[in-house]
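Dear colleague,

Please find below the structure that I promised to hand over, with my notes following it. I would be glad if you read the notes with the structure open beside them.

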Amino acid sequence: MSRRFIYRSFASAALSLVLMLTSCTYSARTEEANPLFAFDTVFYQTAVGGDETLFADTARLLNEEELLFSRTLPESQLYKLNLEGRATVSRELFLVVEEALRLSEQTGGAFDPTLAALSDLWDFTKAVVPSEADIQEARKQAGPQKVTLEGETLSTGGTTLDLGGIAKGYAVGQILSLYRERGVTGGIVSCSSSVGVTGTKADGSLYRVGIRDPGTEEGLLGTLALTDALLSTSGDYERFFLADGVRYHHILDPETGYPARTGLRSVTVVASLKGQEELSLVGARTDALSTALFVMGYGEESLALLSDYDMEAIFVTDEGILLTKGLEEAFSLSEGGQTLTVVG
Ligand code: AMP
Ligand code: MG
């Protein structure tokens, strides 16, 4: 699939983030877990029902996931794979890499799990724009087609893998699966970029997930009332620096080696979990697709991709909000909010 950048003319800028709204009185047992730190972010959870060990098991699960997918923990399988270039890995890591490569192909390369060297170069703590020569050198090192999978063995083909654009969504899906197994009747799990919702609140009402307004510190563009859904947001607010008035953020365009500029401030991809068995796979997909759509920008190709995956999206630009049809009912615009256009 070739990539077309139809809406490059949208003004570029910052952020958006999914925030969990928790404001209600429950009649049944409702518990909020202590926030958990994993994948360089904080995971919040609330569950109605379930058993005593639910949150302790969730913590253990997240820990195990980190030991597979973290690029920075020396004990992780991914770290070792990147170091050695070839390794026999667990089935879970194998499947996530396989899915990441498939998504890379289906997004015409917009999602690229081999950009680690390039991401390292864009060091957001130093706030220095790398040299053009270094960017092109790091770009050459990448290439999803260089990665090979055989049996349980992965070879990086000289690239360095980074699953930062897919692993958190996968983990949120894993946690929701655990909720289902443990008889949770309603629950929500959220981290910086992905949110999963199962069932309803104790009073039978829907959970509401806030969509962050990129233009403000904590404001919301609106909320989505959801049940059994998983959503991921990619925005240029999470990790960035400003240099000469330009915002350099963490979502990179594999074609240029620079932060993607397609006029989007954020994009949120929403999947229904109704009838879905493999929630972790759905989470991996919403996560990777939000990253990919941010790189591709709003346009026919992005809408076609969403339709292929049977997912909905909220695109945020400086001009307003573009909401796909399937979310029209669930979305409530904040008062005095932005222009809302239903698309797709
Ligand atoms: P997300 O916040 O899910 O959009 O993921 C962004 C993270 O994924 C970055 O911090 C990088 O680790 C990695 N990344 C950056 N650009 C890309 C890309 N084009 N494809 C896949 N992963 C990327
Ligand atoms: Mg992502």
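Where pLDDT is low, the predicted coordinates should not be read in detail. For the chain, the mean pLDDT is 90, and 92% of the residues reach 70 or more.

This is a predicted model, in which local features need pLDDT of at least 70 and side-chain atom pairs count only at pLDDT 80 or more, while totals for chains, interfaces and linings use all residues. Residues are numbered from 1 along each chain as its sequence is written, chains are lettered from A and ligands numbered from 1 in the order in which they are written, and side-chain values use heavy atoms, with hydrogens and water left out.

The chain has eight helices and 19 strands, these being DSSP runs numbered from the N terminus (helices H or I, at least four residues; strands E, at least two). Its radius of gyration, taken over C-alpha atoms, is 19 Å, close to the 20 Å that the globule rule (2.2 Å times the number of residues to the power 0.38) gives for 344 residues, so the chain is as compact as a globular protein of that length. Along the principal axes, the C-alpha atoms fill a box of roughly 60 × 45 × 35 Å.

Next come the helix pairs. Axes are lines fitted to C-alpha atoms, for helices over the stretch in contact, and angles run from 0 to 180 degrees between N-to-C directions.

Helix α6 (residues 167-181) and helix α7 (residues 279-296) have axes that come within 7 Å and cross at roughly 150°; the two are therefore roughly antiparallel to each other, a term for angles over 145 degrees. The contact involves residues of α6 including Ala167, Tyr170, Gly173 and Arg180, and residues of α7 including Leu279, Gly283 and Asp287. By class, the residues of this contact divide into five nonpolar, six polar and three charged, where Ala, Val, Leu, Ile, Met, Phe, Trp, Tyr, Cys and Pro count as nonpolar, Asp, Glu, Lys and Arg as charged, and the others, Gly among them, as polar.

The axes of α7 and helix α8 (residues 300-309) come within 10 Å and cross at roughly 165°, and these helices are therefore also roughly antiparallel to each other. Arg285, Leu289, Leu293 and Met296 of α7 meet Glu301, Ser302, Leu305, Leu306 and Tyr309 of α8, a contact with six nonpolar, one polar and two charged residues.

For helix α1 (residues 54-69) and helix α3 (residues 91-106), the axes come within 10 Å and cross at roughly 65°. Here Glu65, Leu68 and Phe69 of α1 make the contact with Glu92, Leu93 and Val96 of α3, which gives four nonpolar, no polar and two charged residues.

Finally, Leu36 lies in strand β3 (residues 36-38) and, not counting residues up to four places away in sequence, touches Thr41, Val42, Phe43, Gln45, Thr58, Ala59 and Leu62.

Methods: pLDDT = per-residue confidence, 0-100. Parallel < 35°, antiparallel > 145°, perpendicular 65-115°, else oblique. Contact = heavy atoms within 4.5 Å.
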